[in-house]
Amino acid sequence: VDAKIIGDKKEIGYLRLKSCNENRDEQLFQSIKNFEKNKKLVGYILDLRNNPGGLLTQAISVSDFFLDDGEIVSTKGRKISETRRFFSKKGDGINGKPLIVIINTGSASAAEIVSGALKDHKRAILIGENSYGKGSVQSIIPLNNQGAIRLTISKYYLPSGQSISEIGVTPDIEINEKNDDFKINTKTDNQLNFALKLLNG
């Protein structure tokens with residue numbers, strides 16, 4: 001997790017979640033707790049660009065942190081046991097402060113669950129580009145010859161009922177990366193600059 005306070009008046013918390021692997025949620029929450037001691041903060045930017053995903057549990061935990069209630073994600077498969085629904089618990093970790101999420105074509109799987117849930121509940125404004133569209137739950141089945149088969153057993157569905165698979169999550173405001181010298185979290189990052197203007201506006 002990259003975390004810093006940005007903006008001309010140093011009043012916006014910037015959080016870049018590079019993956020949804022083990023303990024990423026704890027790192028994110030700790031960064032936010034430190035930020036919340038700064039009484040000047042007016043909002044947050046959660047940057048999920050090029051986040052390839054990771055664990056479903058992490059996606060649920062991160063989404064839950066920003067949501068006060070409601071469904072986060074559901075999985076539907078051929079078997080009843082593969083059909084599950086996950087809900088958020090009461091309490092918004094940033095107390096309703098404005099939240100902008102930035103996504104791009106490299107945002108996949110768990111990152112799409114987080115961005116999709118926050119969008120569907122109108123908890124965040126999504127900006128950037130359409131996400132990757134990896135909405136399948138896979139199971140690894142070992143074989144006798146030391147190999148294995150990766151089998152898709154179910155699909156992820158957002159609270160709206162829409163499947164992520166091969167569709168992805170569409171941003172509320174489409175902002176494409178511009179110029180060849182575009183680099184995330186630098187002066188050439190027009191998506192981040194737009195997010196800053198939106199929060200300051």
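1. **The β1-β2 hairpin.** Five residues lie between the two strands of the β1 and β2 hairpin. Within this hairpin, G7 has a positive phi near 100°. The model is predicted, so take that angle as a property of the model.

2. **Pairing of β1 with β2.** Strand β1 covers residues 2-6. Its pairing with β2 is antiparallel and rests on five bridges. I6 faces I12 in β2. K4 has Y14 of β2 as its bridge partner.

3. **Pairing of β2 with β3.** On to the next neighbour. Strand β3 spans residues 43-47. It runs parallel to β2, again with five bridges joining the two strands. Here Y14 stands opposite I45 of β3.

4. **Burial of β2.** Strand β2 consists of residues 12-16. Five of these five residues are buried, that is, under 20% relative accessible area. The strand is therefore largely enclosed by the rest of the structure. The cover extends to both faces. I12, Y14 and R16 are buried on one side. G13 and L15 are buried on the other. Note that R16 belongs to this buried set.

5. **The sheet as a whole.** Six strands form an open sheet. Their order is β1-β2-β3-β6-β7-β10, and the pairing is mixed. The edges are β1 and β10, the latter at residues 173-174. Each edge strand pairs on one side only. The antiparallel β1-β2 pair and the parallel β2-β3 pair both belong to this sheet.

6. **The β-α-β unit.** Helix α1 holds residues 24-36. Together with β2 and β3, α1 builds a β-α-β unit. The unit is right-handed.

7. **Packing of α1 on α2.** Two packed helices are described by the angle and the distance between their axes. Helix α2 takes in residues 56-66. The axes of α1 and α2 come within 9 Å and cross at roughly 20°. An angle under 35 degrees counts as roughly parallel, so α1 is roughly parallel to α2. The crossing is right-handed. From α1, the contact uses R24, D25, L28, F29 and I32. From α2, it uses Q58, S61, V62, F65 and F66.

Definitions and conventions:
Residues numbered from 1 in each chain as written. Predicted model: local features only at pLDDT ≥ 70, side-chain atom pairs only at ≥ 80, totals over all residues. Heavy atoms only, no water. Buried < 20%, exposed > 50% of the residue type's maximum accessible area, 1.4 Å probe, protein only. Helix = DSSP H or I, 4+ residues; strand = E, 2+ residues; numbered from the N terminus. Pairing = 2+ DSSP bridges. Right-handed = clockwise from strand over helix to strand, strands pointing away. Axes fitted to C-alpha atoms, helices over the stretch in contact; angles between N-to-C directions. Parallel < 35°, antiparallel > 145°, perpendicular 65-115°, else oblique. Left-handed = near helix turned anticlockwise from the far one by under 90°. Contact = heavy atoms within 4.5 Å.
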